[in-house]
Amino acid sequence: MISFECDYNNGAHPDVLQHLLETNKKQSLTYGDDCWSHHAKEEIKEACAAPHADIFFLVGGTQANATAIDSMLESYQGVITTECGHINVHEAGAIEAAGHKVIALPQHNGLLDAKELDDYLHSFYADESYEHMVQPGLVYVTYPSEYGTLYTAQQLADIHLICRKYGLKLYVDGARLGYGLMADGNDISLPFLASHCDVFYIGGTKVGALCGEAVVYPHGNAPRHIFTIIKRHGALVAKSRMIGLQFDALFAHQLYFKISKQALEKAQEMKQLFLDKGYPFYIESPTNQQFVILPNEEVERLSKHVLFSRWGSYDTRHTICRFVTSWSTTSEEIEALRNILG
């Protein structure tokens with residue numbers, strides 16, 4: 001079996017493992033106060049052109065989302081996202097479990113529309129009884145989206161402007177951030193992102209790390225007692241050097257960006273295999289997630305040789321299937337898929 005099921009089905013990039021191994025017998029301070037975590041934070045600050053950023057290393061995406069969102073909201077506030085937003089559909093109600101309602105707006109190719117966000121907020125505050133409702137306090141977007149699509153710099157700037165207009169925070173989930181930043185046609189950079197949101201995270205789990213995400217408050221705007229907030233969420237790692245070391249390796253010599261680009265090249269090779277067979281795509285994605293529409297009988301045949309995700313029914317005879325590449329996808333795997341497709 002070959003796997004295109006997800007982008008975290010491998011271990012870690014060899015350079016990450018080597019860095020962990022080389023430092024394994026060295027002692028350090030705990031809870032993120034080690035020299036490697038400090039160095040990784042400086043590398044990230046430089047990459048983001050955000051010298052005053054506050055950065056924290058958490059183990060996984062759900063922890064990062066739940067902790068960062070809760071840290072930015074009052075107890076009575078909720079978070080706005082799209083109906084397909086990751087926190088709305090794939091995190092088992094983690095945000096609601098912390099007492100914050102997820103307010104879902106329509107999605108357009110996986111993206112939040114700035115005008116619809118503005119219209120919703122205008123209508124919310126036009127209602128004289130809005131104090132009886134859950135108060136919107138933050139807008140959550142993913143980059144790339146759940147469908148592998150990208151916001152343009154203008155679209156993100158428009159959402160950021162609306163957040164400023166209504167006094168809301170903007171949070172960007174960057175679980176697959178590297179695959180968005182390096183995609184063809186992308187016009188968003190790390191410095192642009194850092195200047196157009198209040199908090200975001202750089203995903204490591206899906207981009208070369210064993211585990212770990214770097215949560216960035218780019219303006220030195222981490223809430224008071226953030227250390228305590230992280231611990232309260234069960235997200236504080238005693239040996240957090242484990243994550244800091246990985247980001248130290250990933251941001252050395254642009255490794256994070258190089259391996260992201262490699263994954264995108266493999267995704268385009270994979271995409272071409274399906275196009276050559278005449279299979280249509282559900283959505284146009286420039287990133288490492290590709291959504292192909294396959295006849296149900298072909299789905300059954302392929303599933304005996306390839307791991308992939310059945311994303312949903314397209315019609316009674318076809319299924320939307322997600323095939324994903326990562327930093328670890330090889331030319332041999334692409335060639336094996338070619339042979340299986342026939």
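## Conventions and model

Axes are lines fitted to C-alpha atoms, for helices over the stretch in contact, and the angles between N-to-C directions run from 0 to 180 degrees. Helices (H or I, at least four residues) and strands (E, at least two) are DSSP runs numbered from the N terminus. The model is a predicted one, in which local features need pLDDT of at least 70 and side-chain atom pairs count only at pLDDT 80 or more, while totals for chains, interfaces and linings use all residues. Residues are numbered from 1 along each chain as its sequence is written, and side-chain values use heavy atoms, with hydrogens and water left out.

## Helix 11 and its partners

Helix 2 (residues 35-48) packs on helix 11 (residues 241-250) at an angle of about 40°, their axes being 8 Å apart. The two are therefore oblique to each other, on a scale where angles under 35 degrees count as roughly parallel, over 145 as roughly antiparallel, 65 to 115 as roughly perpendicular and the rest as oblique. The crossing of helix 2 with helix 11 is left-handed, a term that applies if the near helix is turned anticlockwise from the far one by less than a right angle, whereas clockwise gives right-handed. On the side of helix 2 the contact (heavy atoms within 4.5 Å) is made by Trp36, Ser37, His39, Ala40, Glu43 and Ile44, and on the side of helix 11 by Arg241, Gly244, Leu245, Phe247 and Asp248. These residues comprise 5 nonpolar, 3 polar and 3 charged, where Ala, Val, Leu, Ile, Met, Phe, Trp, Tyr, Cys and Pro count as nonpolar, Asp, Glu, Lys and Arg as charged, and the others, Gly among them, as polar.

Helix 1 (residues 14-22) also packs on helix 11, here at an angle of about 130° with the axes 9 Å apart, which makes helix 1 oblique to helix 11. The crossing of helix 1 and helix 11 is right-handed. Asp15, Val16, His19 and Leu20 of helix 1 meet Met242, Leu245, Gln246, Asp248, Ala249 and Leu250 of helix 11, and the contact of helix 1 with helix 11 has 6 nonpolar, 2 polar and 2 charged residues. Helix 11 is mostly covered, with 9 of its 10 residues buried, on a scale where buried means under 20% relative accessible area, exposed over 50% and partly exposed in between (1.4 Å probe, protein chains only). The buried residues of helix 11 pack against helix 1, helix 2, strand 2 (54-58), strand 7 (199-203), strand 8 (213-217) and helix 12.

## Helices 6 and 7

The axes of helix 6 (residues 114-126) and helix 7 come within 9 Å and cross at roughly 15°, and the two helices are therefore roughly parallel to each other. Their crossing is right-handed. The contact joins Ala114, Leu117, Asp118, Leu121, His122 and Tyr125 of helix 6 to Asp158, Ile159, Ile162, Lys165 and Tyr166 of helix 7, and the residues of this contact divide into 7 nonpolar, 1 polar and 3 charged.

Lys266 lies in helix 12 (residues 255-276) and is buried, its relative accessible area being 14%. Leaving aside neighbours within four places in sequence, Lys266 is in contact with Thr325, Thr329, Thr330, Ser331 and Ile334.

## Backbone features in loops

A cis peptide bond, with omega about -5°, joins Tyr143 and Pro144, and Pro144 lies in the loop between strand 5 (135-142) and helix 7 (153-166).

Ala92, although not a glycine, has a positive phi of about 55°; Ala92 is placed in the loop between helix 4 (86-89) and helix 5 (94-97) and is exposed, with a relative accessible area of 85%. His253 likewise has a positive phi, of about 60°, without being a glycine. The loop that holds His253 is the one between helix 11 and helix 12, and His253 is exposed at a relative accessible area of 70%.

## Cysteines

The structure holds 0 disulfides, a disulfide being a pair of cysteine sulfur atoms within 2.5 Å. For Cys48, which is in no disulfide, the nearest cysteine sulfur is that of Cys197, 9.0 Å away, and Cys48 counts as buried at 2% relative accessibility. Cys84 is likewise in no disulfide, the nearest cysteine sulfur being that of Cys163 at 17 Å, and Cys84 counts as buried at 9% relative accessibility.
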